[in-house]
Amino acid sequence: MSQIAEKLAGIKEIIEDASKRDGRSVGDVCLIAVSKRQPDAKLEEALAAGLRVFGENKVQEALTHWQDRKGSYPDLQLHFIGSIQSKKIPDIVGLFDVIHTVDRPKLVPLLAAEMKKQQRSPTLLIQVNTGKEAQKSGVFVEELPALLAQAAEQGLAISGLMCLPTQGENPSVHFGLLRSLARQYNLPLLSMGMSHDYEMAVRFGATHIRIGTDIFGARVD
Ligand SMILES: *Cc1c(COP(=O)(O)O)cnc(C)c1O
């Protein structure tokens, strides 16, 4: 068994346990392997271990990693988890199946127009800045209703919410807040939990967890 396959087996056990505690089954949680800043050999090892769902935060790197491999792996599913630059929207809509980081009103008409143009409809989530951190992307909780209303008005379907807990704080506070917002607005998808806190995220109802280093090892700079 490769190192990644071994890691994956351990992670799946933890997910299974945590989902049971939340009254769900392991299949209810989508594990996104975050492949940013990982070398080609690791990507190949991950594919050989059966992984098909990957997350990236930079468009150019994502194209380098996956554009050509898409041909050989038609069941590949790509998730965009980085901050969205307006000028990259055509590439993002063209490459990704799920976009986790819609975070400002300006993006709504741009995404709607590009999706129409390309006849593609990636699943969209809004990133919420649950800790109100100045340097972090995401809408503040009080801005969420307006952004949802604007998306609805302009025909852009929003399927869920995503957050990155404030470092040094108990992530459960952020996960609990995100879950209650998703319930309030009837949004089925919850993207939360990374290498160090995914078990807790699953216990709080995460439908998508984003794991990088715990699967691949340290990133290269
Ligand atoms: C890099 C990244 C991850 C993965 O982080 P790890 O700690 O390596 O698991 C998850 N989510 C986002 C938004 C990221 O940028």
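Me: Where is the place of serine 191?
Reply: Serine 191 is placed in strand S7, which spans residues 189-191. Strands (E, at least two residues) and helices (H or I, at least four) are DSSP runs numbered from the N terminus. This is a predicted model, in which local features need pLDDT of at least 70, side-chain atom pairs count only at pLDDT 80 or more, and totals for chains, interfaces and linings use all residues. Residues are numbered from 1 along each chain as its sequence is written, and side-chain values use heavy atoms, with hydrogens and water left out.

Me: Why does serine 191 count as buried?
Reply: Buried means under 20% relative accessible area, exposed over 50%, and partly exposed in between (1.4 Å probe, protein chains only). Serine 191 has 0% relative accessibility, so serine 191 counts as buried.

Me: Why is glutamine 67 called partly exposed?
Reply: Its relative accessible area is 46%, so glutamine 67 is partly exposed. Glutamine 67 is in the loop between helix H3 (59-66) and helix H4 (69-72).

Me: Why does glutamine 119 count as exposed?
Reply: The relative accessibility of glutamine 119 is 67%, and therefore glutamine 119 counts as exposed. Its loop runs between helix H6 (107-118) and strand S5 (123-127).

Me: What is the phi of glutamine 119?
Reply: Phi is near 55° in glutamine 119, a positive value in a residue other than glycine. Most residues other than glycine have a negative phi.

Me: Which class does lysine 132 count in, at 47% relative accessibility?
Reply: Lysine 132 counts as partly exposed, because its relative accessibility is 47%. Lysine 132 lies in the loop between S5 and helix H7 (144-153), and has a positive phi of about 50° although it is not a glycine.

Me: What makes up the shell around the ligand?
Reply: The shell residues divide into six nonpolar, three polar and three charged. Nonpolar covers Ala, Val, Leu, Ile, Met, Phe, Trp, Tyr, Cys and Pro, charged covers Asp, Glu, Lys and Arg, and the others, Gly among them, are polar. Residues around the ligand include Lys36, Met162, Ser195, Gly212 and Arg219, where a residue belongs if one of its heavy atoms lies within 4 Å of the ligand.
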